[in-house]
Amino acid sequence: MVRTSFQARIASVLILLLLVVIGALYFAVQAATTASIRTQAREQLEVGTGVFGQLLDVHARQLRDAVQVLTSDFGFREAVASGDEATIRSALFNHGARINAGLVMMFDMDGKLTASTLAPLSVAQAERINGQLSQHGQSLLMPVDGRIYLLVQATVNAPVPIARLVTGFSIDEGFARELNQLTHLELTLTGSLEGQPDVRVSTLPDMPMITFDGDSGEVMHGDEPFLVQRLVIASGDGFRVQALLQRSLEQARGSVAALNRQILLIAVAALVASLLGALLLARSLSRPIRLLAGAAQRVGQGDYDVPLALDRSDELGSLASAFQSMQQGIAERERQLAHNALHDPLTGLPNRNLALERLSSAIMARRHIALLYLSIGNFRTVSESCEAGGGDRVMQQLAARLQAALRPADSLARLRGDEFVLLLDGADVDSAVATADRVQQLSMKPFRVDNLDIALDCRIGIAGYPSDGVTPEELLRRASIAMQDAGHLAGRIQVYECGRDAAQQRQVQLIRDLRRAAQRDELLLHYQPKLDLRNPACLQAEGLLRWQHPEFGMVSPGEFIPLAERTGSIQTLTAWVIEEGVRQLQAWRQRGQVVQLSLNISTEDLVDGELPTRVGRLLAHYQIPASQLIFEITESGVMLNPAVALQVLHGLREKGIGLSVDDFGTGYSSLAQLKRMPVQELKIDQSFIRELDDTSEDAVIVRSTIEMSHSLGLKVVAEGVELQRSLDLLDRWQCDSVQGYLISRPLTAQAFEAWMQRPLTSPVSLVH
Ligand code: C2E
Ligand code: MG
Ligand code: MG
């Protein structure tokens, strides 16, 4: 396909248009001048016809006057009267020459030719002349003897008429030229006489034999067009004289030829000028368009740096400046997109992709590198205790704090939520641990957000290249495994250990199997007795969940409960535990044993507003009084959604179910805060109890907690009582109940039944 350029197209359209306009104009002028030339020529012919007639009249009058003079001449009359033929002939010659007559004839009164200046005429001719003259009056045009004559007759009186004198004036080229000079018309006279060749007189040099039958019209003579007017001047018996008045149209056009030439010149000049103008216009349009097209192509290829400016103030100029700002806008957005693709919008730190990229370039360069995988254990609690967006602000502050402490070669990235990764270039495991420790110290300093001082529980997992992996993804995964392990350690820092991948696999399988554990009858409830120090006869126990996994055997709740909480299966487990507990209470009750059972409720269970109703229905179904049931909640349990959690707790309390705070002392709440919750019991965490002795710091905490709880009207349970020493102290400090291996380990329902049958002794006597 032939591609015609925009410039060529504009130019050719404009030129074509101009050609049409100028051509039309030129031909319109031509047509108008031709029409006016014809009209003029026709008018000239009309005028010429009149002039021709008048010219003939003038000649006839002159001739008549001259003949009058001749006929009145006495000598001439004498000669005629004498009848002397020779005298008459000589008089005719002399006088004829005097008046410039080409022909003089004399007739007697009977019409007989008596003398003539011409060679002897035939009788018939003489008679025709005589006859026609007497018929037509005084003058007549007629062909005679090879010429056309204007004939005039006069009577010779002496004093009676004695003869008639006929004089002829030869109408020749001179006459024709005279008319031509007066009118600028060509004249051709034709005289036809029977039996004789036609006589022609013409102003045209080659005596054209124009054959024309109409009265007026246009004829061609050679290549030349003529407008003609035919006049029959005289006709009679066997003769005819016609005049053709001709006007050469070519000649007439000559008068406007100069004007025509000028018009043609102007048209050509206008055409050339417009051609140039069209080319210039097309160029001035196509050049900026080509420029813009080139720029668009460049922008398409991602080159935004070449500035585009057209030095013009018209629409193309504004198009160019719009294009320029579009180019800048695209460049800016592309920069932003490129930045966003590799950076975290909240902190401005590199994101996971950029971290992986940096890691892989270090691996390619075979540089030692250590990864610190950092996560905030209490992030959820923190975000929930702050106002909206508070969690984000804490993350921003943490990012800024860590960033400020980095060495130039290291880099920090935010992976998601509360997870960061720190790449330590050239670091080995030991220096990585040292850095992790520094980072942890930094993150432990409180953050001030929404008028709250927030302490972060920062866990760090460490993996190094090349010891712990050779691909970026592998290293990141292993550092993350180490970070999860770190969550279970007091120091909160863990270096990746080989074989942890298998643990991860186990975790995945546990998460999957947990959902079906209840259906498959793999769950059991064990019962750990609680001893009421004031009233040992009172039967109390804590229900503790056990999972008999088909492959892994007995799985500890310390392992699967957090998994269930994280993966959303805890509510199914809780429902099973409550039903199983209540069912067991009914079974014991039917055997006459009234046990007060404590069951553990997770934080996630407290967001379910329907819990109190469901438990109420269960208790009614198994006909168990609510006072036999206690729910243990952790301090942070209320934090997740305080409004709903408190509502659920009040709902449970209204049903008559007891509420207890588990693991007290490990969280952040104070006794004063607990007062706002509808709880009646507090379980001091085993970490304070296990190695309790009189002098330790724990002793102060435990003792004052017991005292303050009592003053707030709360009962106190001590968990993890393993030693008699602890029991003695708790008893002395008025602790209400104790639970721990010293009393009993968690037991199956059957074993617990047996335990209930034991002989009752004073708690303190357990020592003995
Ligand atoms: P917990 O509610 O604080 O339960 C007490 C835990 O301490 C039990 O561990 C118990 O076996 C253990 N224990 C009791 N006396 C002693 C002692 O003298 N020395 C030591 N070292 N430990 C003692 P267990 O059964 O492994 O349960 C661990 C945790 O799992 C529980 O802590 C509780 O938070 C959770 N859990 C257990 N069953 C359930 C349940 O049905 N639902 C929920 N949500 N959590 C449960
Ligand atoms: Mg408990
Ligand atoms: Mg506990």
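## Ligand 1 and the surrounding protein

A polar side-chain atom of Arg546 sits 2.9 Å from an oxygen atom of ligand 1. The model is predicted, so local features are given only at pLDDT of at least 70 and side-chain atom pairs only at pLDDT 80 or more, while totals for chains, interfaces and linings use all residues. Residues are numbered from 1 along each chain as its sequence is written, chains are lettered from A and ligands numbered from 1 in the order in which they are written, and side-chain values use heavy atoms, with hydrogens and water left out.

### The ligand site

Taken alone, ligand 1 exposes 790 Å², of which the protein buries 84%. A polar contact is a pair of N or O atoms within 3.5 Å; within protein, one atom must be able to donate a hydrogen and the other to accept it, and residues adjacent in sequence count only if both atoms are side-chain atoms. Accessible areas come from the Shrake-Rupley method with a 1.4 Å probe, and for residues only the protein chains shown count as cover.

The shell around ligand 1 has 22 residues, and Arg546, Asp662, Gln686, Glu722 and Tyr741 come nearest. A residue is near a molecule or strand if one of its heavy atoms lies within 4 Å of it. By class, the shell has 8 nonpolar, 6 polar and 8 charged residues. Here Ala, Val, Leu, Ile, Met, Phe, Trp, Tyr, Cys and Pro count as nonpolar, Asp, Glu, Lys and Arg as charged, and the others, Gly among them, as polar.

Three elements, β19 (539-549), α14 (557-567) and β23 (658-664), each supply at least two residues of this shell. The largest share, 4 residues, comes from β19. Helices (H or I, at least four residues) and strands (E, at least two) are DSSP runs numbered from the N terminus.

### Backbone geometry

Most residues other than glycine have a negative phi, and most peptide bonds are trans. Asp663 lies in strand β23 and is partly exposed, with a relative accessible area of 26%. Buried means under 20% relative accessible area, exposed over 50%, and partly exposed in between (1.4 Å probe, protein chains only).

Asp521 also has a positive phi, near 60°. Asp521 is in the loop between α13 (500-517) and β18 (523-532) and is exposed, at 68% relative accessible area. The peptide bond from Tyr465 to Pro466 is cis, with omega near 10°, and Pro466 lies in the loop between β16 (458-465) and α12 (472-486).

### Salt bridges

Side chains of opposite charge can pair when their charged atoms come close. The structure holds 23 salt bridges, each defined as a side-chain nitrogen of Lys or Arg within 4 Å of a carboxyl oxygen of Asp or Glu. The table gives examples.

| Pair | N to O distance |
|---|---|
| Arg492 and Asp457 | 2.8 Å |
| Glu474 and Arg478 | 3.6 Å |
| Asp513 and Arg516 | 4.0 Å |

Arg492 and Asp457 form a salt bridge. This pair links distant parts of the chain, 35 residues apart, with Arg492 in the loop between α12 and β17 (493-495) and Asp457 in the loop between β15 (452-454) and β16. Arg492 is partly exposed at 23% relative accessible area, whereas Asp457 is buried at 15%.

Glu474 and Arg478 both lie in helix α12, 4 residues apart, about one turn of the helix. Arg478 counts as buried because its relative accessible area is 17%. Asp513 and Arg516 are both in helix α13, 3 residues apart, again about one turn of the helix. Asp513 is buried at 10% relative accessibility, and Arg516 is partly exposed at 31%. Elsewhere, salt bridges that share partners join Glu542, Glu632, Lys683 and Glu719 into one network.

### Surface and helices

Leu264, Val268, Val272 and Leu276 form a nonpolar patch on the surface, with about 340 Å² of accessible area together. Patches are made of residues with over 30% relative accessible area and no salt bridge; like charges are joined within 9 Å, and nonpolar side chains (Val, Leu, Ile, Met, Phe, Trp, Tyr) within 5 Å. Leu264 belongs to helix α6 (residues 249-300) and is partly exposed at 38% relative accessibility.

Gly131 is in helix α4 (residues 123-136) and is partly exposed, at 32% relative accessibility.
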